[in-house]
Every structure is written in structure tokens, then in C-alpha cells.
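Please open the structure in a viewer and keep the selection panel at hand.

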Amino acid sequence: MRSNHTCLYLATLIAQVICDDVVDGKLSFYSSSWEGWNKNTARWSAYEAPTFSAVFKPETEGELSQGMEYLAKHNIPYLATKPGGHGNVPTLGHYQDVVQINLDNFRHAIMNSDYSITVGGGAKMEDLIPTLHKAGREMTVGSFPCVGVHGVMLGGGMGRLMGRYGLISDALLHAKVALWNGTIVEASDKVNSDLFWGLRGAGHNLGVVIESTYNTWPDEGGLHYNADMVFTDDSLDGVVDTYREIIKDGLDSSLFLILSYMYDAEAMKPLLIINIVYAHDEGKGRRVAARFASSPKGTANPIERISFEESNMNFSELGSGKAVPGVCDVNLKNTLYTASTRDLFETAAMKAVYKSFGSFVRAHPGANRSILLFEAADGKAMDALPHDYSAYAHRGMMTTNVIIQATWDEDFDGVVAEAANAWGKEARDLLARPEVSGYDKLYAYVNYANRDEPLAALYGYEEKRQRRLTGLKRKYDPHGFFNAYRPLPLDMNGWELPSAPGAPESTRDEL
């Protein structure tokens, strides 16, 4: 039976709604007086974040479909978000007082008899990874447990095992998607193949993924060698030289390297850190770690390693987030910038960014949880697929990606936010220079992007690819309901702008 409370609440969303207009059955809309409001609307980043007038938390596919149809019919903007709430791109902040579509009731990960895995739209990495591990299987996954699986996949899906298996989206077999008006469709190589192509790299623009199924691989015993090392400031030249040599020697498909700059709040200085993950071969992992050992005296560009910890982790532990305490804390403020290169950025620029990082945090101590990550993985698994295999545009382009993440807490007058964006943009622009990155254009992974990159830097510079993406946007989201996350333009002229308009229009033609 229809809930009178639901009818009355829907009436607050749009004028002159009567209960007879509401779909049959229960619609799970909640207002800010709901006891679960704060938990369900919390976000990883409170900076430039969306805000919500209501939470729609459907319990079935039918209810999701009916609710989305209702919202579209009445021109009520919505944002499909959660389970992780980790989407960070500032264009999300254009969405104020919209209805949140919350997929927490679609939180499942189920192994199938053919060793594929089916993942619900509300699943996080902490649901996916243990399910795989229990079955003795693995695939590329994200590094942190609290992140939603589909938010990562729709941008392509990088992770520590992408050298072996490619992107998360490369393993996608088929998906079930709710379109802007609530219509539910299947997408695969055989059904709606154009939508299937677009979901894998530009999928935030096209619909709500209710469920998806992926290929998986045997875990070969499941152990991954992990090493964490800390170095003196004077070791930066030597560490960068060694990192670059490992890349140029040819990255093994089982190796994932992270060079990071973190901040020591007590010493009031940056920390230089290397993390190595080597899948299924402790001996080879140790040989890579040994290349970062302290150098003999008199060595040019010496390395002094002051901390070294190594362990073997199973697949489930690898995605636990233990290496970065507090990584899943919510409602801090974060802004990200990114750039990429085929090997590693030029050393002088890496040193300049290390220095500017220290200066930024010393001037703004509340930003001492900021971090830079230079991530490198072998690209052969990705590059084995054709360049136009999916909407992900950067095959062969991104051996190393940098994540420049400024994180802060209190900022009542906006001073820290202004400084964080100025520093992040300056660092990104320096690393993206042709003489530093080796590229004459910026190439940016959309899941790490900010708001000022050209859309072509995210989705591809080729006109043919842009026309294909604009065509998909016109077909599957003609009214711009899915414009929150670096939206594709509905017109080819929009590719000339840094970003297509982010917020949905408050009024539309009759839908």
C-alpha cells in the first residue's frame, strides 16, 4: 500500500503533487529528519561537495526504476552516489539540494559457477575483495576498502594488479543500467554495445549501474610481497633515479610501485616513501626492494634508507587500507590534481614539487594529511587491447600517474582552500610541462581530475572519439541528468571548453 508519509514528502519536492501521481507501492524517500541522514549523506570530501534535499534509498530494481521515472517526469535533479561517497571532482559541487539516489540496498558481491563475479551497485571494495579471496580468485581492484566499486570502474578502474589484468573495466562482461528516466537496460558486447563501450571510461555520464559482472583469475596462492621504505630528504635524487631505472628496465606485470610524499607533522617536513607490491613472488619483490637500499659512501646521488618494513599479504589484506591510516575518514576537505607520463617526471621538477609541498603544509598546518602519490604499473595488459576497445582513452600513455591531494580540516574563511588549489594546480602544471612529462598535452585520469582540465585531456583528443562520446550522451542522457562528474558535452562545441556545465538545469522541456 502506498505510504501517506511518502506522498507528503514527495509533495515537498515539487509543487502540486498528489498521491494519485505517485507510483504504486513504497518509495523510500527520506528527509533530513531521518535518523540515518548523516550516515547516508556523509562524503569522503566535504569540499565542493553536493548537498541533498532528500535521500531515495530503493530496496528493489523496480522501486529504483519507478523512483527515477518519477523524478525525471517532474524535473527533479538527482545524483546517484554512495556507497563510498568518494567522488571528489569539484563539478559535483554544482549539485545543491538535489535528491540522492542511494544504492546501499544493492550491496552484494557473488561468485558465479564460471568464476565470474557479480557486483551490486552499492558494493564497496571491502565487499568485492574478500569475496574474491575466499574463492581463490583475483582481479584488478582499488587500494582502499571504503571506495565504491562502480565509481572506480566507470572512470576506467586503475589498481595495483592492472599490470597483470588491465583496468577493472577491461574485465567487465556485462552490466545492468538504469537510464535517466528509470528504464533498465542490459549492456554488453552483444546488447547495447555502444553503451557498454561508453560505460568503461566515461560511465559516470550515462546511467546508474545497478549490477555488473566481471571476469576473474586464479590467485596463485594469494600472497603479495609488500615493502614500505622511508628515506632521508637528501636521498631524493637517488630514489628518483632508481625508480626511473626500474621503469626503463621494463616493469614486470606483477609489480606496482608507489613513490609518495607524505608529511611528518612533528618534524614539520615532508617524508619520502616508497611502497612496492609484487604479486605472487616474494623473491622478485625483494630484489626490487634491494635496489632502494642505502648506498655505499661516495656513491653519486646516494640513497639513505632510514626505515624498511616488508611482509607478505593475502589479497584481502592488500586492499585493507592499513598502509594509510585514516584513509576512509569522512567530511575532511580534499582537492585533487593529476598528470601522467610514460616513465617518470623529470627529476628537477620532482624535487621542486617536494620542496613546494613542504612549504605549503608548513604555511597551513591543518593540511598536514596532504599527500602526493606517483603510481607506476606495467601497461602491457591494457595495451594488448585496441585503443578504441572502450571509452578509456589513455592506453599506452600512463605508466606513471601522479595524484596531488591536498587535505585539510577547518577553513572558515577559505584561505586554506585557496592555497591548496593554488599549490595543487602549480604542482600539476609543472609536472605536465612537455620537458617534464614528455607530452605536449595534458593526459589526465578522470577519477583523479579536478575541474580545469580540458575535457579532451580526460576523454581523448581524437575528434572521432569525441563525436562518439557526444553521440552517446545525446542518446542515453539527452537532458543532462548525469552531469555531475566532468560531464560530456551534448554539442561538439563543448569540447573546446574546460568543462561542460555541471549542474542540471532547473527547468527542462517536457520530458
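By the ring rule (Phe, Tyr and the six-membered ring of Trp pair if their centres lie within 6.5 Å; planes under 30 degrees apart are stacked, over 60 edge-to-face, the rest tilted), the count comes to 19 aromatic pairs. Select Phe-29 and Phe-56, a stacked pair with 4.7 Å centre to centre and 15° between the planes. Phe-29 belongs to strand 1 (residues 29-30) and Phe-56 to strand 2 (residues 52-56), so the pair ties together parts 27 residues apart in sequence. Strands are DSSP runs of E of at least two residues and helices runs of H or I of at least four, numbered from the N terminus. Phe-29 is buried at 3% relative accessibility, and Phe-56 is buried at 0%. Buried means under 20% relative accessible area, exposed over 50%, and partly exposed in between (1.4 Å probe, protein chains only).

This is a predicted model, in which local features need pLDDT of at least 70 and side-chain atom pairs pLDDT 80 or more, while totals for chains, interfaces and linings use all residues. Residues are numbered from 1 along each chain as its sequence is written, and side-chain values use heavy atoms, without hydrogens and water.

Next, select Cys-146 and Cys-328, which form a disulfide (cysteine sulfur atoms within 2.5 Å), with their sulfur atoms 2.0 Å apart. The pair links distant parts of the chain, 182 residues apart. Cys-146 is buried at 10% relative accessibility, whereas Cys-328 is partly exposed at 30%.

Finally, select Tyr-78, Trp-180, Phe-481 and Phe-482, which form one aromatic cluster.
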